[in-house]
Amino acid sequence: MLIETYNLSKQYEQNTACHEICLSIKEGQVFGLLGPNGAGKSTLVKMLLGLVYPTSGQARVLGFPAGHQKAKKQTGYLPELFRQYEWLSAAELLQLYARIYEIPASQQKKRIAETLQLVGLQGRERERIKGYSKGMQQRLALAGAILHKPALLFLDEPTSALDPIGRREVRDIIALLSNNGTTIFLNSHLLSEVEMTCTHLGFINHGNMIDSGPVEDFMQQKHEITIVAEEVPASMLNRWRLEKRFIAQHDQTYTLAVDNKEEIPLLVEALVAGGSRIYQVESIQSGLEEVFMELIQD
Amino acid sequence: MKYIVQLTLKEIMNKRILHMGIVMTVLYLLLFGVASHYSAKSIGIPGSEPWFTQQIGYQMLTMGWYISTFLCGALAILTGSGSLSGEVESGTILGLASKPVSRPAIVGGKFLAYTIVTAVYSTVLVGAVALLAGYFFKLQVEPIALLSGIGLFMLFPVILLALAHLGSARFSTMATGVVTFMLFALAIIGGFIEQIGVMMQNASMVNIGVVSSLVVPSDAIYRLAVSVAAGPMGKSSVVSFGPFGAASTPSTAMLIYALVYIIIVMAFAFRFFGKRDF
């Protein structure tokens, strides 16, 4: 396991930021942590980085206690508050980080140029950060997080200051890093972004980890199909109602609930046997937003 | 820690407060030079005793150094108060502390960088004051004694820097600045009370001064620096009884105390910053 927490808790004076969080993240996963504002997402990440001390519980990152220098050396972090030293240029900042990460001097220049190109800041590296837009500063913070090719990358709201093009570029960077074997821990409010990039999800609310697991598990929790068919016998409709399978009907489109995928061909067979003509059968997956709302409201 | 020192030195060089401080310092030295020129000119009348010129010159030197304590103190407090808390308040600490840099390295590196800057600044400032006073009044000061005094004076802003780092490790920049200035003022008032106590031979007043020196030994270090810089002439001079002199010269034990004081204060700064949540 790359990240393992056991009953990890953080209590502020009157506020529980995280409560007994148990989490396991394996190598190569893109883990998306979802939750409303103030749910404890950023606090959890900060505890894993050793920036915030837990009140109780344990956390190990890359086999070391959270915040250990050896773990930090292989970790990258893009904070939600991505302020930089405004009196430096991007090149100077990345040079500093390269030295801190002990990237060999002979490779530093090349690595900095590659990273700047990856985040779309090439040609602007000599300018003072003070003159950068928020989006550019976030891109630079991302560059600082991935410069040393970390084994584990924490991204806390990585696209909050970016336009749609920038968001797409960050998604591409996440995909690239993931393909190269980097394990990614992503905090985001943007559910569509998480849906597109993550392999695993965790839901947190009021400091409690409500649920976690592979993305497919959440997306397949609700099994619904739509059937476009003509001449559906009334007896079939009554049967669906009795079985509590019937959800809605619009003209010749029927929305039905199924317990699993295997029921779908059986339903189609029964319809054909009853004399119906079937034009379309479509399986509906519930959107992440729907899953999120259900879990958070529960 | 090396990178933190380099980063902080660059940060300080970009601070507007330092640029303003340098301009104000140049103006102050110009004013001091002009005042010394006219003062030396007015007492350089035929028949005036050389010892009298020396006394006035020494008085000007101590006054110049005393005012320098305000400049050095202000620089140390205004820059040092936000040394750590400024990083926390702006959020830049998240980028730095998440990297393989230990918290003691951050505190130590920043303190060292600020110490280098204030030490260089105070050396240049009091050195320039001594040169101006020496030139206009033809002061007979032993070079070794003067250099020792300047070396001791460097400790003065470092004491305030250590206090600023202690506050900055735990509290906000504003709170740290206010409290450190109050402690600085306490040391000044305590020093004055002690000087007056010595002149009036009032033991209670002297004791108040001693206690204030134990709380914040900055003023005591200044008095020690002045006394050492002037050598035998300063000690025997009647002007050592003035408000800027060292009528009650602190002992070597005070120097040791000040060094231990800085170490202890910084140990607490390390401890507080090490336990702080970002």
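Reader: Helix 3 of chain B passes helix 9 of chain B, but is the crossing left-handed or right-handed?
Author: Helix 3 of chain B crosses helix 9 of chain B in a right-handed way (the near helix is turned clockwise from the far one by less than a right angle; anticlockwise is left-handed). Helices are DSSP runs of H or I with at least four residues and strands are runs of E with at least two, numbered from the N terminus. The model is predicted: local features need pLDDT of at least 70 and side-chain atom pairs pLDDT 80 or more, while totals for chains, interfaces and linings use all residues. Residues are numbered from 1 along each chain as its sequence is written, and chains are lettered from A and ligands numbered from 1 in the order in which they are written.

Reader: At what angle do the axes of helix 3 and helix 9 of chain B cross?
Author: The axes of helix 3 (residues 50–80) and helix 9 (residues 173–200) of chain B cross at roughly 155° and come within 9 Å (axes are lines fitted to C-alpha atoms, for helices over the stretch in contact; angles between N-to-C directions run from 0 to 180 degrees). Helix 3 and helix 9 of chain B are therefore roughly antiparallel (over 145 degrees; under 35 is roughly parallel, 65 to 115 roughly perpendicular, the rest oblique).

Reader: Which residues make that contact?
Author: Gly73(B), Ile77(B) and Leu78(B) of helix 3 of chain B meet Gly177(B), Thr180(B), Phe181(B) and Phe184(B) of helix 9 of chain B (contact: C-beta atoms, placed from the backbone, within 7 Å).

Reader: OK, what about helix 1 and helix 6 of chain B, how do their axes cross?
Author: Helix 1 (residues 2–13) and helix 6 (residues 103–137) of chain B cross at roughly 45°, with axes that come within 8 Å. Helix 1 and helix 6 of chain B are therefore oblique to each other, and this crossing is right-handed. Helix 1 of chain B contributes Ile4(B), Val5(B), Thr8(B), Leu9(B) and Ile12(B), and its partners in helix 6 of chain B include Gly109(B), Lys110(B) and Tyr114(B).

Reader: How many helices and strands does chain B have?
Author: Chain B has twelve helices and zero strands. Its C-alpha atoms fill a box of roughly 70 × 40 × 30 Å along the principal axes.

Reader: And where does chain A touch chain B, which elements?
Author: In chain A, 22 residues are in contact with 17 residues of chain B. Helix 1 (41–49), helix 2 (69–73), helix 3 (90–100) and helix 5 (134–146) of chain A each give two or more residues to that side. Helix 3 of chain A gives the most, with four residues.

Reader: Switching to sheets: in what order do the four strands of the open sheet in chain A come?
Author: The order is 12-13-11-14 in chain A, with antiparallel pairing (strands pair if DSSP finds at least two bridges between them). Strand 12 (246–250) and strand 14 (277–284) of chain A are the edges, each pairing on one side only. Neighbouring strands in this sheet are turned by 20° against each other on average, direction ignored.

Reader: How many bridges join strand 11 to strand 14 of chain A?
Author: Strand 11 (residues 224–230) and strand 14 of chain A run antiparallel and share seven bridges. Ile225(A) has Ser283(A) in strand 14 of chain A as its bridge partner.

Reader: What lies across strand 11, strand 13 and strand 14 of chain A?
Author: Helix 10 (residues 263–273) of chain A does, running at about 160° to strand 14 of chain A.

Reader: Last one: what do strand 1 and strand 2 of chain A form?
Author: Strand 1 and strand 2 of chain A form a hairpin with four residues between them. Strand 1 (residues 3–11) and strand 2 (residues 16–25) of chain A pair antiparallel over six bridges, and Glu4(A) stands opposite Ser24(A) in strand 2 of chain A.

Conventions
Two residues are in contact if their C-beta atoms, placed from the backbone, lie within 7 Å.
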